[in-house]
Amino acid sequence: MTAPIIGFIGAGNMATSLIGGMLQQNIKPAQIIASDRTAEQCERLVKQFGIGTSLDNAVLANECDVLVLAVKPQVMQAVCRDLPRERKTGQLIVSIAAGISCASLEQWLGEGTAIVRCMPNTPSLRRQGVSGLFANASVTEAQKEQAENILNAVGISLWLDQEELIDAVTAVSGSGPAYFFYMMEAMTAAGEKLGLPRDTAERLTLFTALGAADMAVHSDVDAAELRRRVCSPGGTTEQAINSFASDDLPAIVERAMRAAAARGAEMTKELA
Ligand SMILES: NC(=O)C1=CN([C@@H]2O[C@H](COP(=O)(O)OP(=O)(O)OC[C@H]3O[C@@H](n4cnc5c(N)ncnc54)[C@H](OP(=O)(O)O)[C@@H]3O)[C@@H](O)[C@H]2O)C=CC1
Ligand SMILES: O=C(O)[C@@H]1CCC=N1
């Protein structure tokens, strides 16, 4: 079987992360093409990745077996409506846009279009991504495998059986890297205020985050137990955790994530 051609419409942050991660796996530059609005953006991709590019989304749509829609949700309708209804036979559409339903995509791209809606995240660039995937009724088992192969090349993927849960995935892992980056910013700034040189505070923070995540992923006990193991009774960590708890960190996090998920649901209605 010949390797599928994978096309990206919109070559911004997320497409760059996915393409970069895929090329570090067994996917060859000749298998990937991308289109974007400006020649500069296309030139950047050629230089950075050596992949083929086009300024014409319709040309791209006719050439690829898997078409990844990676534009902002607000321009998705116009981009889809401009694509030819007759595209390459057996083509799978993979949309990574937050807040755009399979029903809307099908309406804009043609009834019966095979669509996998997925929510990846930017650590895909380092092949440490995690994605939630949902397939509409037109997607075959072979196409599910195609989508999985792309997302698994840049991390891990998990299938969902209800499309609405994509908003929860967005709130947890799609937007999630930003929450951890925010925490890193806050810890670095606080470390500096405690007297550390900025770059020392930053390196201590980043390697602590990396070490903690790696430990949690490979541990046979949960995060709560790992946290307890750092807290010596009457020691230092306990004071910090007590301070977080008295500010009700879990409620702060839940409120933020509910806001992210609600925005996803709101966008689905707004952009339908
Ligand atoms: N960033 C993230 O962490 C994540 C993003 N997503 C989803 O990924 C999608 C893309 O987000 P992100 O990569 O951050 O956004 P970007 O703005 O970085 O990328 C979108 C790209 O699409 C280009 N574009 C705009 N209009 C067209 C068009 N008509 N034809 C071709 N290309 C076009 C933009 O060009 P220009 O800038 O010139 O307009 C830009 O280069 C969104 O739908 C988002 O919901 C999903 C998971 C995580
Ligand atoms: O902020 C956003 O809307 C996108 C979706 C998840 C991450 N970035």
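Two residues are in contact if their C-beta atoms, placed from the backbone, lie within 7 Å. Helices are DSSP runs (H or I, at least four residues), numbered from the N terminus. The model is predicted: local features need pLDDT of at least 70, side-chain atom pairs count only at pLDDT 80 or more, and totals for chains, interfaces and linings use all residues. Residues are numbered from 1 along each chain as its sequence is written, while chains are lettered from A and ligands numbered from 1 in the order in which they are written.

Domain bounds come from an automatic or database domain assignment, which gives domain 1 (6-169) and domain 2 (176-267). Their centres, taken over C-alpha atoms, are 32 Å apart. Eight residues from domain 1 and six residues from domain 2 make the contact.

Helix H8 (residues 176-193) packs against helix H9 (residues 198-218) at about 140°, with 8 Å between the axes. Axes are lines fitted to C-alpha atoms over the stretch in contact, and angles run from 0 to 180 degrees between N-to-C directions.

| Helix | Residues in the H8–H9 contact |
|---|---|
| H8 | Phe 180, Met 184, Met 187, Thr 188, Gly 191, Glu 192 |
| H9 | Arg 198, Ala 201, Glu 202, Leu 204, Thr 205, Leu 206, Ala 209 |

Around ligand 1 there are 27 residues (C-beta atom, placed from the backbone, within 6 Å). Gly 10, Gly 12, Met 14, Ala 97 and Ala 98 come nearest. Helix H1 (13-23) and helix H4 (73-81) are the elements giving two or more residues to this shell.
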